Amino acid sequence: MKLAKFFVLLCLTNLLLGACSSKPMEKKEEPSSSKKSGFVLNNKMVDGLKQGKILDTPLDLSKVSTMADIETVWGKPDEAIDHQDLQDYIYIKNSQSMMITENIEEEQVQYKFSFSISIATTRDEILKKMGKPKDVHATTILQYYYNGYKIQFEKNDKNNWLVYLAKSI
């Protein structure tokens, strides 16, 4: 009986000492939508999108680029996802996730890219900066076409939108 009490006391002591010696849990703040995105939907960004570019990145559809061009600037992607004819490459730079989708058409041996970023903004701000969209799907997808480029805004959460940039086909 004394042995059982000793083990119970030993276990309780270990639990108490273990709890006291560990660091207190820090409350992690949920990032606000403005902290989620390093990109801002301003006139400069809008002008870049209309020309097939995502400013402050090597993502430029106006040039003939390959993954080798992007890797020269950014190195290997942080993540690669193989979908047979489609390849997704994810880069995380300055806490901003950017996805490059490479469409490999076997018959033409041609690369076509689309880029995805997220922007902390509102639907009203998109409409104010971009104007009336050509296509609207519910209230969550806004599509624009400029200079041979498709710019699509897709609502991700309250004030965070995914922006897809691709060449119009």
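**Aromatic pairs, buried residues and the core**

This predicted model holds three aromatic pairs.

Q: Why is the pair of tryptophan 74 and tyrosine 91 called tilted?
A: The ring centres of tryptophan 74 and tyrosine 91 lie 5.0 Å apart, with the planes at 50°. Pairing needs centres within 6.5 Å. Planes under 30 degrees apart would be stacked, and over 60 edge-to-face.

Q: Why does tryptophan 74 count as buried?
A: Its relative accessibility is 15%. Buried means under 20%, so tryptophan 74 qualifies.

Q: Is tyrosine 91 buried or exposed?
A: Tyrosine 91 has 0% relative accessibility. That is under 20%, so tyrosine 91 is buried.

Q: What makes the pair of tyrosine 144 and tyrosine 146 stacked?
A: Their planes are 15° apart, and their centres 6.4 Å apart. The distance is within 6.5 Å and the angle is under 30 degrees, so the pair counts as stacked.

Q: Why is tyrosine 146 called partly exposed?
A: The relative accessible area of tyrosine 146 is 23%. Buried needs under 20% and exposed needs over 50%, so tyrosine 146 falls in between. Tyrosine 144, at 1%, is buried.

Q: Which residues do ring pairs link into a cluster?
A: The cluster consists of Tyr144, Tyr146 and Phe153.

Q: How do you know that the charged end of lysine 50 sits over the ring of tyrosine 146?
A: The charged end of lysine 50 is 4.4 Å from the ring centre of tyrosine 146. The distance limit is 6 Å. Lysine 134 also lies over a ring face, that of tyrosine 145, at 5.4 Å from the ring centre.

Q: Which residues have the most contacts inside the largest nonpolar core?
A: They are Ile100 and Phe153, in a core of 29 residues. Strand β4 (residues 110-120) gives the most to this core, with four residues.

Q: Why is isoleucine 119 called buried?
A: Isoleucine 119 lies in strand β4. Its relative accessible area is 0%, under the 20% limit, so isoleucine 119 is buried.

Technical notes. Residues are numbered from 1 along each chain as its sequence is written. This is a predicted model: local features need pLDDT of at least 70, side-chain atom pairs count only at pLDDT 80 or more; totals for chains, interfaces and linings use all residues. Side-chain values use heavy atoms; hydrogens and water are left out. A nonpolar core is a set of buried Ala, Val, Leu, Ile, Met, Phe, Trp, Tyr and Cys residues joined through side-chain atoms within 4.5 Å. Buried means under 20% relative accessible area, exposed over 50%, partly exposed in between (1.4 Å probe, protein chains only). Helices (H or I, at least four residues) and strands (E, at least two) are DSSP runs, numbered from the N terminus. Rings of Phe, Tyr and Trp (its six-membered ring) pair if their centres lie within 6.5 Å; planes under 30 degrees apart count as stacked, over 60 as edge-to-face and the rest as tilted. A charge sits over a ring if NZ of Lys or CZ of Arg is within 6 Å of the ring centre and within 35 degrees of the ring normal.
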